[in-house]
Amino acid sequence: MRVTQSMVCEDAIRNINQAYGKLIATQLQVSSGKIRSNPSDDPCGASTSLYLSAKAGRLEQYASNVNSARTLVRETESALTGIGECLQSVKELVIQASSNTLSQSEREDICAEIAQYRDQILVCLNASGSGGYILGGYNTNNTPVTESDGTVCYNGVALVDMDGAQCGALSAQTVSVTVADGIQMKAAITALDVTGYGAGNLFATLDALMLELSRSDPDETALDGLRERLDEHYDRVLTRLTETGGKENRLDMIEARLKKSQLAVEDLISRNDDVDIEESIIRYAMAEQAYEATLSVSGRTVRTSLLDYLD
Amino acid sequence: MSSFYGLEIGKKSLLVNQKGIELTGHNLSNVNTEGYSRQVMTTAAVAAPSGCALSGIGVSGIGSGVTITAIASVRSVFYDAMYRKENALLGELAAKGTAYAYIEDILGKGTQGGILDALSAVYNDIDQLSQNAESSLYREQLVQDAVTLTNILNVTASSLYGYQQEQDENVKRITEQINMLAQQIADLNSSIFKYELSGYTANDLRDQRNLLVDQLSGLASVTVGETSDGRYSVSIGGVSLVSHATVHEIELRADTVNPVTGDTYVSPYWKESGIRVESGSGALRAALDIRDGNSASTPGIPYYLAQLDALAASLVREFNAVNQAGYTMPYGSNASRTGVDFFDPAKTHACDITLSDALLESGCNIAASSAEVAGADNWGNSENLNALLSLRDASGLSSDGITLGNHESFMRAVTIGIAITAGYYADRAETQQTLTDAIGEQRMSVSGVSMDEETINLIRYQQSYQAAAKLISVIDEMLSTIINM
């Protein structure tokens with residue numbers, strides 16, 4: 001094959017460009033810290049990268065959801081604790097009042113105290129948190145539990161008039177939070193889950209107790225029945241508290257798992273996208289060497305010709 | 001035999017070697033001229049004149065020196081044809097490589113600030129809002145991020161339309177260039193033909209013509225032919241572009257209308273027959289494919305726009321269906337309503353998608369609730385938002401005959417699709433460059449001027465010249481000897 005000067009020159013230019021291009025590409029990797037500057041450099045890796053960053057975004061959203069669910073659960077817990085304490089006190093007062101040694105006026109004093117606790121329970125049921133009233137279901141903007149002329153209403157419906165179906169429908173109206181792929185959780189409960197419905201609701205029971213105790217001669221059998229109902233209400237509050245505690249435990253577990261997944265995904269993202277600095281620097285050094293070698297060899301080849309050896 | 005016979009031989013040798021030195025000079029001075037092919041001189045011995053076979057000493061006649069038979073360009077028609085074929089493909093692939101890289105850039109690379117990011121932000125906002133449906137802060141945040149999404153879609157689509165227009169300009173430019181080159185080739189054809197009537201070969205003009213055809217081959221696939229009497233022709237796709245001194249022009253006719261923008265695009269047609277030009281490969285093909293390609297096998301701008309339009313249309317349809325089914329939150333004097341659109345239902349293309357006026361007016365018009373929001377009821381109801389949220393993980397969405405799966409996975413697929421195409425064409429362009437370079441190098445190995453070779457020729461002709469001069473001086477001395485006897 002004949003070799004001409006312009007072939008040598010063009011080869012030299014091409015080789016220098018190639019070596020320089022490689023040098024620049026490695027430099028870009030080192031300085032950006034990323035393996036790919038364009039998805040087209042490696043569509044397969046870029047696809048993994050997109051999938052992983054979508055996954056990371058989701059996990060972050062779930063973590064934020066878990067946090068807001070936890071806030072709601074804690075707010076609910078403190079309201080329930082308050083109600084539980086009130087009922088505990090009411091129970092003690094009722095036992096105290098049931099003793100035959102007390103006079104009617106002493107019992108009336110106790111009733112006044114019970115009335116205080118009843119109001120306190122009402123306040124607890126209307127507790128509000130960061131997102132409005134916490135026990136109001138979908139009603140977050142207006143006081144959920146209201147009382148007028150002795151009738152207690154939940155979201156405008158009188159508790160005494162409520163039947164099971166209505167209560168079920170209303171207490172199901174709580175926001176669910178997505179805490180993991182396909183897993184939804186109802187963090188909140190409604191006031192109805194505490195008060196019960198119909199004639200035996202918490203407030204009706206308390207009212208009946210007070211009415212009975214303030215009589216001159218309270219009916220022992222009626223009182224026994226009311227005490228039992230009071231115990232049932234108290235137990236229900238305790239059950240709700242246990243449930244809420246359970247929810248918090250579950251949130252803890254979910255959060256721990258989310259954190260683990262987040263770490264795993266971040267690790268995968270880093271493996272998929274990030275440059276191994278040591279390796280890149282070595283590759284940069286190699287590219288640099290190749291570039292310099294190309295320059296040196298090309299420089300010498302292009303410079304010489306037969307004319308150098310003629311007088 | 002004449003006593004001056006030797007002088008005649010010496011004179012011819014002097015002239016021939018002088019020509020050789022001049023030719024070497026011509027070659028050397030064109031060592032860097034693009035398209036120049038080296039010229040070589042071929043010589044032949046001149047036979048002894050007939051009739052003087054006996055020179056008086058009983059031997060046959062001595063030949064009468066040297067003569068030039070030809071000064072010819074060294075050129076391989078085979079390499080020329082091969083180079084042009086590969087160069088046409090290179091013209092197409094290089095242009096496509098650049099175009100797809102640009103489209104990849106426009107589509108936002110799928111990372112920061114792209115459509116995909118904006119989509120995820122909208123869905124995250126919906127999730128956030130579903131936990132606090134009464135929060136006007138979260139509602140406004142969703143509206144803002146939805147506006148960002150529509151803006152990015154609008155900007156991306158209009159950049160693609162802009163690039164489509166640019167490709168249309170490219171078609172015009174390339175067509176003009178082809179016509180111009182054709183005219184130059186036709187002019188050279190008649191010059192070469194006239195020059196060669198004298199019997200000599202127009203080496204340098206032929207080199208110029210070959211260079212023009214090389215340039216043409218980057219724009220479209222060309223084939224050339226030459227009749228035995230030296231009439232040269234160039235054709236594109238089997239149709240004659242130049243036949244000897246006549247140019248068959250290509251003209252532009254508006255034949256494509258963009259259904260969305262109403263812009264008209266032009267295509268090249270043969271002026272005489274009115275048939276569309278089939279350019280084979282080359283830059284013309286690339287510009288047309290990028291501008292008009294609407295299939296997975298030739299993905300052009302319309303193909304990517306169709307994908308964005310499918311996404312936009314699906315967003316409008318699905319979000320509106322859900323938002324219409326729910327109830328808005330009351331604000332000011334506006335009561336809770338149902339049947340409110342999320343996006344403007346009349347604008348279903350990526351270039352014009354926008355939020356409905358109701359949503360732009362207030363985030364309260366996001367229909368989060370599944371029932372009327374009034375009095376104490378349903379302020380925190382976000383059951384309808386759950387329907388929007390379930391779109392995020394949907395798997396069966398489709399739009400305009402394009403299967404989407406869900407919006408985010410579709411956008412991921414689009415991003416990776418263009419990345420694969422851009423990567424493929426970048427690789428092919430590089431390979432094709434190497435191939436074309438290799439053939440170019442082989443061609444240069446045949447035609448290129450080697451300085452070392454020419455330097456040696458220079459010395460060779462110089463020495464022959466000196467030898468011829470010596471011959472003349474020897475004969476001169478011989479003649480003097482005879483004359484002075």
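Biologist: What makes B:Tyr123, B:Phe319, B:Phe342 and B:Phe343 one aromatic cluster?

Modeller: Ring pairing does: rings of Phe, Tyr and Trp (its six-membered ring) pair if their centres lie within 6.5 Å. B:Tyr123, B:Phe319, B:Phe342 and B:Phe343 form one such cluster. This is a predicted model, where local features need pLDDT of at least 70, side-chain atom pairs count only at pLDDT 80 or more, and totals for chains, interfaces and linings use all residues. Residues are numbered from 1 along each chain as its sequence is written, chains are lettered from A and ligands numbered from 1 in the order in which they are written, and side-chain values use heavy atoms, without hydrogens and water.

Biologist: Why is the pair B:Phe319 and B:Phe342 called edge-to-face?

Modeller: Planes under 30 degrees apart count as stacked, over 60 as edge-to-face and the rest as tilted. The centres of B:Phe319 and B:Phe342 are 5.1 Å apart and the planes stand at 70 degrees, so the pair is edge-to-face.

Biologist: Why is the pair B:Phe319 and B:Phe343 called tilted?

Modeller: The planes stand at 55 degrees, with centres 5.7 Å apart, so this pair is tilted.

Biologist: How do you know whether B:Phe319 is buried or exposed?

Modeller: Buried means under 20% relative accessible area, exposed over 50%, partly exposed in between (1.4 Å probe, protein chains only). B:Phe319 has 1% relative accessibility, so B:Phe319 counts as buried. B:Phe343, also at 1%, counts as buried.

Biologist: What makes B:Arg209 a charge over the ring of B:Tyr232?

Modeller: NZ of Lys or CZ of Arg must be within 6 Å of the ring centre and within 35 degrees of the ring normal. The charged end of B:Arg209 sits over that ring, 3.6 Å from the centre. B:Arg443 lies over the face of B:Tyr83, at 4.1 Å from the ring centre.
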